[in-house]
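Open the structure in your viewer and keep the selection tool handy. Each stop on this tour tells you what to select and what you will find there.

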Amino acid sequence: MLALSLTQRIWLIVVAAMLTVFVGISIFSTLHTREHLQEQINDQNSDAAAVLAGALARVSGGGPELEKVVDNQFDLGHYSLIRVEDGSGKVVYQRQRSLDSGTPDAFSSLLHLTVEQGEALILGEWSSLKRIVIETDPTFASSLLWDNILRILIFCSVASLILGFSGLALIKLQTRGLKPLQDHAEAIANRQFETRPLPPIAEYRPLAEALNILADKVRLILQQDARKLEKWSLESQTDKITGLMNREPFLGTLKEQLKRQGQDQTGVLALVRIMDLAALNRSQGRVVMDNLIREMGLALRRLTLRMGGWSAGRLNGSDFAILCPSTDDVEFSAQQIHETMMNVVAQQGLEDVIRTPGSACAVKNKDTIGSLLTCLDACLAENESATVPQMTLTEVSTEQVSSANETVGQWRETLDRAFAEKLFYLGDFPVVDAEGDFVHIEAPVRIGLDDHEYTAADFLPWVSRLNLSQNLDKVVIELALQKIQVTGRDVCINFSFSALTDNSFAEWLVSRLKENDMWASKLWIEFQETVVFRNLDAFKQLAVALKDSGVKLGVEHAGYQIAQMGKLNRIGVDYLKIDSAFVRDIQQNPANQKLVRNLVELLDALNIRIFSEGVASIDEWKALVRTGVNGFTGPAVTNIIAPTPSKESETPANEDRATEDKAPIEFNQ
C-alpha cells in the first residue's frame, strides 16, 4: 500500500470532496438553466415573430423597405435565421448567420439547447406576404451555460485552496500537541523513565497517559532489578560463614573513614588472627572450625550493633578486622574485641587449642590503609609467639612519618622531571568482545625513567597528593590522540576526579577535541565508580559538553554502587566495567554469576554496554560470556585471547589502585 503523508491525505480529501461538489453543482445548475433558457428563447422567438409580423403588415409591397425592416430586427438580437415567406411558402427574403459557439466541442452536445422557431402570419394590404419565421442563435445560450460552468469551477478551485491550506494550518496547530508526546517517547527509548504532564488536547490524553504508565512500569521494573542486584551485591560482599564484610568492602569502608576524618578525629582499628588455622582444620575437623568461625562472626556482628557505627570484616580465612570510628580509647576498644573473641572460644570448649593474637592502633586522618595494616600485621606477628596471645596496642611510628616525608620529596622530584622531559607514555592492553574481536586499547599511563618503568599504581597516589592530577590528565589526552593517529584504533584512558570538579578542564578538553575532531570519536574516557556517583551533576555536564564530539564516557571499577545504577541512564554513560573483585573465580561463584547477569540485564535496559576487568583465565572468560558481558580485559585477554607484545603482565584495569590499599597476604581457609 502506498504510504501517504498527512499533508497528502488532506489534499486528496479536499480535492476529492470539491471535485464531487463541482460535478454535482455543474450538472444540476446546467440542467436547470438550460431548461429555463429554452423556455425563454422559445417565448422570445414567438414574441419577436409577432412584433416583426406587425411591422411588416404596415409595409406596402416588398423590396428594399421590407429588407430594411428585416435587417434592423436581425441586427438587434441574437438570431440565427429570419425568413419571410409568401403564401405559397416561397422565400421572399432571408437573413442567416453561421453558428460559432465558444463552447468546447466535447461539451457542445451536452450543452445543446432544443429551440423552437417563432412563427407569425402577416395580416395587411400586402396579401402576398403570409408568414414570418424566426430562429434565435442557440450558441449564445450554450456560451452562457459554459461560462456558468467555468464560474463554478473557479469557485470550487478557490474553495479547495482555502480549505486545503486551512486544513494544513489546523493540522500543524494540532500536531504541536504531539511534539511533547514524541519527546516523551524518545526519552523512554533513551532509557529516561520519568512521567510528564498531560497535554491540553483531550484526544492526546489517552496516549500521554499510556506513555506515563509505560514509564512508571519500566521504572518500577528497573528499581526492582536494582534491589535484586543490591541483594546479590550484599551477598557477594559478605562472607558466607560469618556474615561479615569481605576484604574489599571492608577496606573500602576503612578508606572512606580515613577520608571523612577531620584533623582532630580519631578511631581504632583492630586485627585478630586465628593461629594455625590449616592445622586446626586437620586436627579439630573442618566442621568444628567452621562452627567456631561462624560464632565469632555472629559475636562480632552483635558487638558492632551494640557499639553503634563499628564495622567488622573477614580479611581472609584466619584474619578478622574491626573498625571503631569516632573513639580514641584504643585500650577499651581492644579489650571489648578480645573478650568477645575469647568468650566464643570458651563457649566452644576450644580455649586450650585456639590462640587468637591481635593488635589495635589509633586511626588518624594522616594514616593510610597500607601503613595501618602493616603496623598491625607487624605487631600481631610479634605477639604470635606468646603462650597466651593478647591484644597488643601499637601506633604508627614517627619513623614511618619521617620516611613518608622523604618519599613525598622523592616523588615530587620524579614527577617534575617526568613532566619537564615528557617521560610519560601509554600502555597497550586490548579489550575484546565475546567473539574475541577488538573493541579498544586500554591505555594506562606509564613513566619511563632511567631504564625503570613506573606503572600507574606506583605514582598515581602521589600525583593526587601533590595536586598534579589535572596536569597529568592533559598529558594523557595528548598521548591518547597521538596513539589514535598512529594506530588508527580506539583508545581508552582514565581520568582523575579533578577532571570533573574543575570546569576549566572541561572547557579545555572540548576545545582540544574540536581541533582533533576526526580522531575524537575513537577516544574512550572513563572514571572510577566512586568518583562518578559523588559527582553525578558534574559528570552529566561533561557528557553534555562532549556529546557532539563522539567521545564515549564510561565507569570503571564498578559494581559497588548497584543501588544507584538506575541513575546512569540520565547522565550519558556509554559503558561500564565491572571490577575484577566480582570476576575473580566467577566460574566457581554462583552468587557473583547471578549478580553479574542481573547487572547485565539492568544495564542493557539502560542501553549501556558492560565490560569486565581483570579476566585472568579462560574459565572466567567463558563464565562471563554466559552472563552476557559485552567485553573483556585482563591477563587472559592480553596473553591468550588477543596477545600483544608488552613488557607488562599485570591487569591494566587494576593498575590505578594505589599501593596503599595493599594488605597482608591472604591465607584462605
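Start by selecting Ile640, which sits in helix H22, covering residues 635-641. What does Ile640 touch, leaving aside its neighbours within four places in sequence? Its contacts are Ile618 and Pro635.

Now zoom out for a moment. What you have on screen is a predicted model. The chain contains 22 helices and 20 strands. Of its 669 residues, 45% are buried. Among contacts between residues at least 6 apart in sequence, 70% link residues at least 24 apart.

**The two cores**

Next, select Phe459, Ile493, Ile525, Phe527 and Leu576. These are the residues with the most contacts inside the largest nonpolar core, which has 87 residues. Colour helix H14, residues 469-487, as well: H14 gives the most to this core, with seven residues. As background, nonpolar side chains tend to be buried together in soluble globular proteins.

Stay with Phe459 and show what surrounds it. Beyond its neighbours within four places in sequence, Phe459 is in contact with Trp411, Leu415, Phe424, Val445, Arg446, Ile447, Tyr454 and Leu472. There is also a second, separate core of 29 residues, and you can find it by selecting Trp310, Phe320, Cys324 and Val345, which are among its members.

**Ser333 and its helix**

Go to Ser333, in helix H10, residues 330-347. Is Ser333 buried or exposed? Ser333 counts as buried, because its relative accessibility is 1%, below the 20% cut-off. Show Asp329 too: its backbone oxygen lies 3.0 Å from a polar atom of the Ser333 side chain. Setting aside neighbours within four places in sequence, Ser333 is in contact with Val268, Trp310, Cys324 and Thr327.

The crossing of H9 and H10 is right-handed. To see where they meet, display Leu292, Glu295, Met296, Ala299, Leu300, Leu303, Arg306 and Met307 on the H9 side, then Phe332, Gln336, Ile337, Thr340, Met341, Val344 and Val345 on the H10 side. Sorted by class, this contact has 11 nonpolar, two polar and two charged residues.

Move to the loop between helix H12 (398-421) and strand E10 (424-426), and select Lys422. Lys422 is exposed, with a relative accessible area of 73%. Its phi is near 55°, a positive value in a residue other than glycine. For context, most residues other than glycine have a negative phi.

Leu423 is in the loop between H12 and E10 too. Leu423 is buried, since its relative accessible area is 18%, and buried means under 20%. Select Gly448 along with Leu423: they are 25 residues apart along the chain, yet their C-alpha atoms are separated by 5.6 Å. Not counting residues up to four places away in sequence, Leu423 touches Arg417, Ala418, Arg446, Ile447, Gly448 and Leu449.

**His557**

Which strand holds His557? Look in E17, residues 552-558. Phi of His557 is near 50°, a positive value in a residue other than glycine. His557 is buried, with a relative accessible area of 7%.

**Arg512 and its partner**

Now select Arg512 in helix H16, residues 503-515. This arginine is buried, with a relative accessible area of 18%. Apart from neighbours within four places in sequence, Arg512 is in contact with Ile477, Glu478 and Leu481.

**Last stop: Phe165**

Finish at Phe165, in helix H4, residues 138-175. Is Phe165 buried or exposed? Phe165 is exposed, because its relative accessible area is 52% and exposed means over 50%. Select Val14 as well: Phe165 and Val14 are 151 residues apart in sequence and 9.9 Å apart in space, C-alpha to C-alpha.

Definitions and conventions. Residues are numbered from 1 along each chain as its sequence is written. This is a predicted model: local features need pLDDT of at least 70, side-chain atom pairs count only at pLDDT 80 or more; totals for chains, interfaces and linings use all residues. Side-chain values use heavy atoms; hydrogens and water are left out. A nonpolar core is a set of buried Ala, Val, Leu, Ile, Met, Phe, Trp, Tyr and Cys residues joined through side-chain atoms within 4.5 Å. Buried means under 20% relative accessible area, exposed over 50%, partly exposed in between (1.4 Å probe, protein chains only). Helices (H or I, at least four residues) and strands (E, at least two) are DSSP runs, numbered from the N terminus. Contact means heavy atoms within 4.5 Å. A polar contact is a pair of N or O atoms within 3.5 Å; within protein, one must be able to donate a hydrogen and the other to accept it, and residues adjacent in sequence count only if both atoms are side-chain atoms. A crossing is left-handed if the near helix is turned anticlockwise from the far one by less than a right angle, and right-handed if clockwise. Ala, Val, Leu, Ile, Met, Phe, Trp, Tyr, Cys and Pro count as nonpolar, Asp, Glu, Lys and Arg as charged, and the others, Gly among them, as polar.
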